[in-house]
Amino acid sequence: MPSEPRPTSPFATKLDLPPAFRLVTLREVGDAFAHAKANASELGAGTLVYVGRFDLAEFAVVLEPDEPLRTARRAFYAGMAALADALAAHAPPEKPIACVWPDAIYVDYGLIGGAQFAWSDGPEDQPPDWLVFGGMIRTVSMAEGDPGLRPLSSALEDEGFDDLGSNGLVGSFARHLMVQIDAWQEYGFSAVAKNYLARLEPEKGVRRDIDDNGDLLVRRMGKAEAERRPLIAALAAPTWLDPATRGPR
């Protein structure tokens, strides 16, 4: 059964989005990423699909780039950088926030969620009809037992984000995404790449870059050739997503 949208009235949500966005909300059983993908052509650029859940901040945004698909996929990094920046803006002082390439986000070494990405079918040298960036962040842990027994996973509540609910996080993400897109347009993709790469855990003797097609290039000291990590293959199966629970692992 397809997800059922709800009207975007002031009573449906308290989400505060920039004017460039149009909000579509789904019921708690909805799937924001799946809904955005299935309806991207009709929804149009700037549509943000949001699922109002207590334990998760779940959303997806539709983009319509004007550059070829081969390079447009780098918009994934703009979304990741925006999501990490939104978390950092509301984090307790000195709380470390890191990305694990390409799609997972950790707070103080605990997995809290990540992102998914999809694009319309078409030739690599032509602009795609649409891209969809989907994000999911665990706000409250619903697992039973002591959080110390789950050291590899966490939730915003456990990490001291006391005043940041899913509405606040998604609204902040939307504003930071606009910042990333503006930086891309004004300074080139290198501005986005710099922001994202700075979130990766540092590794001694290693320099990382993002190729024109979105692949990660890893250059190790003393080696002439860079190791290439293909983005398309990495996005095929989200590393952070538990298919059974449809939430972060």
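Visitor: Which residue takes a positive phi in the hairpin of S10 and S11?
Guide: In the hairpin of S10 and S11, Gly 222 takes a positive phi near 90°, and there are 6 residues between the strands. This is a predicted model: local features need pLDDT of at least 70, side-chain atom pairs count only at pLDDT 80 or more, and totals for chains, interfaces and linings use all residues. Residues are numbered from 1 along each chain as its sequence is written, and side-chain values use heavy atoms, with hydrogens and water left out.

Visitor: How many bridges join strand S10 to S11, and what makes two strands a pair?
Guide: Strands (E, at least two residues) and helices (H or I, at least four) are DSSP runs, numbered from the N terminus. Two strands pair if DSSP finds at least two bridges between them. Strand S10 (residues 216–220) is joined to S11 by 3 bridges, so S10 and S11 count as paired. They run antiparallel. Leu 217 has Arg 228 in S11 as its bridge partner, and Leu 216 has Arg 229.

Visitor: How many bridges join S9 to S10?
Guide: S9 and S10 are joined by 5 bridges and run antiparallel, so they too meet the requirement for a pair. In S10, Val 218 is the bridge partner of Arg 208. S9 and S10 form a hairpin with 5 residues between them, and Gly 214 in the turn has a positive phi of about 95°.

Visitor: In what order do the strands of this open sheet stand, and which are its edge strands?
Guide: The open sheet has 3 strands in the order S9-S10-S11, with antiparallel pairing. Strand S9 (206–210) and strand S11 (227–229) are the edge strands, as each pairs on one side only. Neighbouring strands of this sheet are turned by 25° against each other on average, direction ignored.

Visitor: Which helix lies across S9 and S10?
Guide: Helix H5 (residues 189–197) does, running at about 135° to S9. Axes are lines fitted to C-alpha atoms, for helices over the stretch in contact (heavy atoms within 4.5 Å), and angles run from 0 to 180 degrees between N-to-C directions.

Visitor: What makes Arg 22 buried, exposed or partly exposed?
Guide: The relative accessible area of Arg 22 is 43%. That lies between 20% and 50%, so Arg 22 is partly exposed. Arg 22 is found in strand S2 (residues 22–26). Leaving aside neighbours within four places in sequence, Arg 22 is in contact with Leu 43, Gly 46, Thr 47 and Leu 48.

Visitor: How many residues of strand S8 are buried?
Guide: In strand S8 (residues 131–138), 8 of its 8 residues are buried. In a regular strand the side chains alternate between the two faces of the sheet. On one side of S8, Leu 131, Phe 133, Gly 135 and Ile 137 are buried, and on the other Val 132, Gly 134, Met 136 and Arg 138.

Visitor: How many bridges join S4 to S8?
Guide: S4 and S8 run antiparallel and are joined by 8 bridges; Glu 58 stands opposite Met 136 in S8. Strand S7 (residues 110–119) pairs with S8 over 7 bridges, in the antiparallel sense. Trp 119 has Leu 131 in S8 as its bridge partner.

Visitor: What volume does the largest pocket have, and what makes a set of points a pocket?
Guide: The volume is about 470 Å³. On a 1 Å grid over the protein atoms alone, a pocket is an open set of points with protein on both sides within 12 Å along at least five of seven lines, whereas a cavity is a set where a 1.4 Å probe fits but cannot get out; lining residues have an atom within 4 Å of a point. Grid points are joined across faces, edges and corners, and a volume is the space filled by probe spheres set on the points.

Visitor: Which element gives the largest share of the lining of the largest pocket?
Guide: H4 gives the largest share, 6 residues.

Key
Buried < 20%, exposed > 50% of the residue type's maximum accessible area, 1.4 Å probe, protein only.
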